[in-house]
Amino acid sequence: MAHQENRVRPQREAKKRAAAALCELSGAAKKKRAVLGDLTNLPNAVVPPEKPKVKKRKVEKPTLTVITPEKLNDPQFCGPYVSDIYEYLRRMEVVPSKRPLPDYIQKVQRDVNANMRGILVDWLVEVAEEHKLVSDTLYFCVSYIDRYLSLNALSKHRLQLLGVSSMLIASKYEEIKPPEVEEFCYITDNTYSKEEVVNMEADILKSLKFELGGPTVKTFLRRFTTVGQEGVDNSDLQFEFLSGYLAELSLLDYSCVKFLPSLVAASVVFLARFMLSPKTHPWNAMLYQLTRYRPADLKECVLNILDLYLSRRGGSLRAVREKYKDHKFKCVAITPTPPEIPLSFFEFGGTDS
């Protein structure tokens, strides 16, 4: 028993340290973290809603042209069905019920701001790491938070409760063995009771009408990186980890909420390719055919994520940065990069061929 207690005590201390990061939101203690300045709210581009109708398959399916023979033989890649799957995901990502409002903080929230959201997401990255949750769980969790806040005004003292309850739902949806409710209570230093977490869980599910699935940035990134890593000097693993790092950084920034998951994923691939091969144009015809985005379409999102990477935005949010400094992620958080991207890289780049 003493041996077990010695092993559990450091984990408990780590959980308490993580909970302290959000004390200013719950009002339980003094601030332990520097407060960010308000994130710049960029002009909101509302995506025209589309109904998820089943459409006839078009004759031209450009994504098939970029699949190598090796990928066609890989059952994980679903080669024979890749175009149909991608068409379905692109239709689903614009379904209004699965999208947060691009300006919900301005239109719906009175007590919650972009800075608080960033602190919450940063803390949830620590929670996910503490419980060894898969990355999809984190992406779904943040999606539930943004969608809920698009529908319900929330007190800042309940924002952390929303975070852990969303993580609980996402864990049940995605994990083989999700953490128990009591573990999520404990990680908040028991700021909230089990009953409060369960009640918030029910409120979230009702608000989202139990629509928990849908494509995330991670969904598209898995497919985009298979093509994006071709022609890059570094190893495939280095490219994959760097792309994952940039994608998780985008979760911190409220200004990225307005972008579709596929556009964020494409922007991540663009930026990762630039960082690893800064003298080569990051985009090409294959990537355009796969993603259906031109460099000009990605410019605003790419520059946002570059600012996050260089700590020109969200510099006080450390969890993602510390996570990807670890050797298991090949220390991609310290990958050198030029501070600016040449404007010519957001032009043509062979996408019309």
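**Exercise 1.** Work out why helix H4 (residues 82–92) is largely enclosed by the rest of the structure.

*Solution.* Start with the count: 8 of the 11 residues of H4 are buried, so the rest of the structure largely encloses this helix. Here, buried means under 20% relative accessible area, exposed over 50%, and partly exposed in between (1.4 Å probe, protein chains only). A helix is a DSSP run of H or I with at least four residues, numbered from the N terminus.

Two notes before you go on. This is a predicted model, where local features need pLDDT of at least 70, side-chain atom pairs count only at pLDDT 80 or more, and totals for chains, interfaces and linings use all residues. Residues are numbered from 1 along each chain as its sequence is written, and side-chain values use heavy atoms, leaving out hydrogens and water.

**Exercise 2.** Check the span of helix H8 (residues 159–174) against the expected one, then say how many of its residues are buried.

*Solution.* H8 has 16 residues and reaches 22 Å from first C-alpha to last. The expected span is 1.5 Å times one less than the number of residues; for H8 that is 22 Å, and the helix comes close to it. As for cover, 13 of the 16 residues in H8 are buried.

**Exercise 3.** Find where Asp189 sits and describe its phi.

*Solution.* Go to the loop between helix H9 (181–187) and helix H10 (194–207): Asp189 is there. Its phi is near 60°, a positive value in a residue other than glycine. Asp189 is partly exposed, at 44% relative accessible area. Now try Asn190, in the loop between H9 and H10: its phi is positive, about 60°, although Asn190 is not a glycine.

How values were computed. Helices (H or I, at least four residues) and strands (E, at least two) are DSSP runs, numbered from the N terminus.
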